[in-house]
Amino acid sequence: MTRGILLTVILISLLMLTPAAAVASPVGVTVAPDRSDVSTVLGGRFTLKTEVTNTGSVPTGVLLAHLNVASVQGDIYVDPEDWSPARSQEFSLQPGDSRMLSWEIQAVNSGKFAAYVVVLPFGEEVAGTEELVVSPLVKLDVAPRSTVSAGLALPVVVLIPLALGATAAVTLIRARRRT
Amino acid sequence: MTTVVKSRDLRAPRNALDRPAGRSGWLVVAGQEVQDLWKSGRGPLLLFCFSVLLSAVTYLASTNQALNFLERREAVNLLLQFAVAVGVLVTLIVSADGISGERERGTLESLLVTPVSRRGIIAGKLIAALSLWLAAFLVSVPYVWVLARAVGILSKALILGLVVGTIVAIGMASIGLLISAVCNSNKTSLAASAFLLLILFAPTQLPSGLPQGWFFDVLQLANPVASALSYLTTQLVQGAHWTEDLVYLVSPVITVVLAGGALILFGPGIVRLRAGGDAG
């Protein structure tokens, strides 16, 4: 009996000494965008808003909200910096507080994309094991616009130098004849 | 050679009665200088070279279908910067030939004895040089149209190019005339002017990844060419309102005021024959 109690105590002690789980407690916030989809044309500018709320019972500490854009169709290369030059915002929330974050976005590619905001802890105390909080996707449907084509540019880039070259040649010949 | 004969014909000494009624002296000089520039073939030849350069840039930009919307705006910006920089360069070169060229060709004397004030002579030469800039801008319009219409910034690009380019062109042409007036040799004047523009244009070609502190910012703001081109970038690429970043236009405007003021104040004193000037 005594041996059984002793083994139980040792087992419990060993379990208590086991390292913490790989994922620490979540940040304790929710992120909600103000809409689920955006339709615009190539080059169109729009503002996406996301509301971050502290649903926990303790202050969040410093958090970083980061906007990202990804292509969800085809193999379009997306450089998020082109879409929004300011994609990170720092803030902190008291329990129950919320913050509306605005993101200025310009559609620089046509196609179907998704924007989302991820919230993560920020600062020197970040262990690297905290959970991330991600907003629902916001679908971005960007219609194409007429793009430059070599077919259109060709007449301009050929005819103008030809016309100016001919004019210069005629002018030079006339000037030489006058002298 | 054409220019020499033409200039001598046009600038034969004449008395005050020869002045066309109702026309200012500077207008007469401007008219003759413009004719000299364009009928001699110098202007058309420079425009032809200018158009070949713009064609190369436009074709390369328009055939790259991988460019995204923002990069297309950057392509318009690149083309417009190129048009302004090269347009200003040819304007500067023509103005740098204005006084020293006359002096070297031996036609300044006949020009000075005409009943036109020396300020009138300077104004006429400045206008003739600026006619080249305006022609260069007109040539660049279809190229800008090809690239800018697809991204909806055609009118903005054209207005910006005309306004900003004209400010820079007036300033640099004034500096070119000042250099030309103080240089005995035409070669010196042309070389100094081209070198000056090269120095002013060089900072715009620095890689953006280089560390740029406050000293770099001050240098850029003080540089009329780099500053004006930066203003174009903020407007066309970053989509700023025209009232934003007007600080970039301060040094181009100051250049116009200082160089133009120096021409008005000191022009009569420095536009003169020099001993041994004809020999260069």
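Helix H8 (residues 154-182) and helix H9 (residues 186-201) of chain B have axes that come within 9 Å and cross at roughly 145 degrees. Axes are lines fitted to C-alpha atoms, for helices over the stretch in contact, and angles run from 0 to 180 degrees between N-to-C directions. The model is predicted: local features need pLDDT of at least 70, side-chain atom pairs count only at pLDDT 80 or more, and totals for chains, interfaces and linings use all residues. Residues are numbered from 1 along each chain as its sequence is written, while chains are lettered from A and ligands numbered from 1 in the order in which they are written.

**H8(B) and H9(B)**
- Met172(B), Ile175(B), Gly176(B), Ile179(B) and Ser180(B) of H8(B) meet residues of H9(B), among them Ala192(B) and Leu196(B). Contact means C-beta atoms, placed from the backbone, within 7 Å.
- Nonpolar covers Ala, Val, Leu, Ile, Met, Phe, Trp, Tyr, Cys and Pro; charged covers Asp, Glu, Lys and Arg; the others, Gly among them, are polar.

**Chain B fold**
- Chain B has 12 helices and zero strands. Both are DSSP runs, numbered from the N terminus: helices are H or I of at least four residues, strands E of at least two.
- Of contacts in chain B with a separation of 6 or more, 83% join residues 24 or more positions apart.

**Side touching chain A**
- 29 residues of chain B contact 26 residues of chain A.
- H3(B) gives the most to this side of chain B, with 11 residues.
- By class, this side has 17 nonpolar, 10 polar and two charged residues.

Conventions
Two residues are in contact if their C-beta atoms, placed from the backbone, lie within 7 Å.
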